[in-house]
Amino acid sequence: MRALALMPTAESSAWSAPHLSVIESRCDDAASLAVQPPSSADTEALRLARQIYAAWLQRCLRLGAYRQNPGAVAALPRAAIEHQLDQAIEACGPDTADLPPLREAQLQRLDELCLLINALAATDKQQLRAMQTWDRLIDLGLDVLQGFADLEVALAAQRAAHDPLTGLPGRAALQQRLQGEQSLVSRQGRPCAVVMLDVDHFKCVNDQHGHQTGDRVLTALARLMRSTLRPYDGVYRYGGEEFVLVLPGATAAQAVRIVDRMRQAIAQRPLVQTQTGGLHISISAGVAALTDRAIAQTLRCADLALYNAKAEGRDQVRLERGTCR
Ligand SMILES: Nc1nc2c(ncn2[C@@H]2O[C@H](COP(=O)(O)OP(=O)(O)OP(=O)(O)O)[C@@H](O)[C@H]2O)c(=O)[nH]1
């Protein structure tokens, strides 16, 4: 983004040209971002939101506020901007808790900006009140652009933390979650179970139905797990066709029952449709309790239990052995 030229020019007064050009130069910057190729659906939606805002602001400033013509102040295209922000957040996948507050703050700024522009268009330029309103409008206009930049950073962070295929968070988020849950386990004595889960004979799915069908299986499984579990349970893609579940409040024995119900539901009906009909899959899982031992050790114990489930015939859930410490 270009540097701001905030120095007033000789012919300018406090409220006119330089302030206007500052906002407009930032708007031009925003518009210039539009020529860059969109990197994903979320950045594309955010780019559109910023473009709608920039076009509206320029028009209202030039024709309405600056020329003191209230009739030329177009209504804020709030619904269109809101729609694009929602699209951007939705495209970013699940677990986007950080984003709605940023969206809300941005819409509030836009509402305030709209009021200021209307007030300016109806106020005599020479009045002190007009100058103060211009000052506020410039601050707010820049804040809105900063708000879009903040959303862009938050969307990029969200994208980086999530697996693009399933939309699930990955290993870094899992590690963070387990650290948080472990401190609750040791401070409050609340149990927490960790489940390592894997699609059985997934290589055969790829080999027989193609990689794209394999991808659809993973996506459908991720969706099914996310919708079956409670909102505060964690579902993470650990790698390949392996997933990890974090079930706070569940003992390892309870987790075995929860995951076994899920296993049965998965085995009972086809997970995806193919050209030759419904495709059934089965899963195996290993369960370990999150305790004060090292997190890596807990994951190893869950993985060992998963290995046992595979070795004992697959399509089953196994609890870690007492000897796994
Ligand atoms: N379609 C698709 N396949 C993947 C992805 N990630 C890993 N795989 C495939 O998953 C398969 C895993 O194979 P294996 O590790 O042999 O496991 P499996 O066939 O499920 O056998 P068991 O786990 O022993 O039941 C490999 O063929 C990988 O190529 C992915 O994102 N999409």
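Q: What is pLDDT, and what does the protein chain average?
A: pLDDT is the predictor's confidence in each residue, from 0 to 100. The protein chain averages 85, and 87% of the residues score at least 70. This is a predicted model, where local features need pLDDT of at least 70 and side-chain atom pairs count only at pLDDT 80 or more, while totals for chains, interfaces and linings use all residues. Residues are numbered from 1 along each chain as its sequence is written.

Q: Which elements have the lowest and highest mean pLDDT?
A: Helix α1 (residues 17–33) has the lowest, 41, and strand β6 (residues 283–289) the highest, 98. Helices are DSSP runs of H or I with at least four residues, strands are runs of E with at least two, and both are numbered from the N terminus.

Q: Where does pLDDT stay under 50?
A: Over residues 1–38, for which the model has 43 contacts beyond four places in sequence. Two residues are in contact if their C-beta atoms, placed from the backbone, lie within 7 Å. Where pLDDT is low, the predicted coordinates should not be read in detail.

Q: OK, the ligand. How many residues surround it?
A: 16, and the closest are D200, F202, K203, G214 and G240.

Key
A residue is near a molecule or strand if its C-beta atom, placed from the backbone, lies within 6 Å of it.
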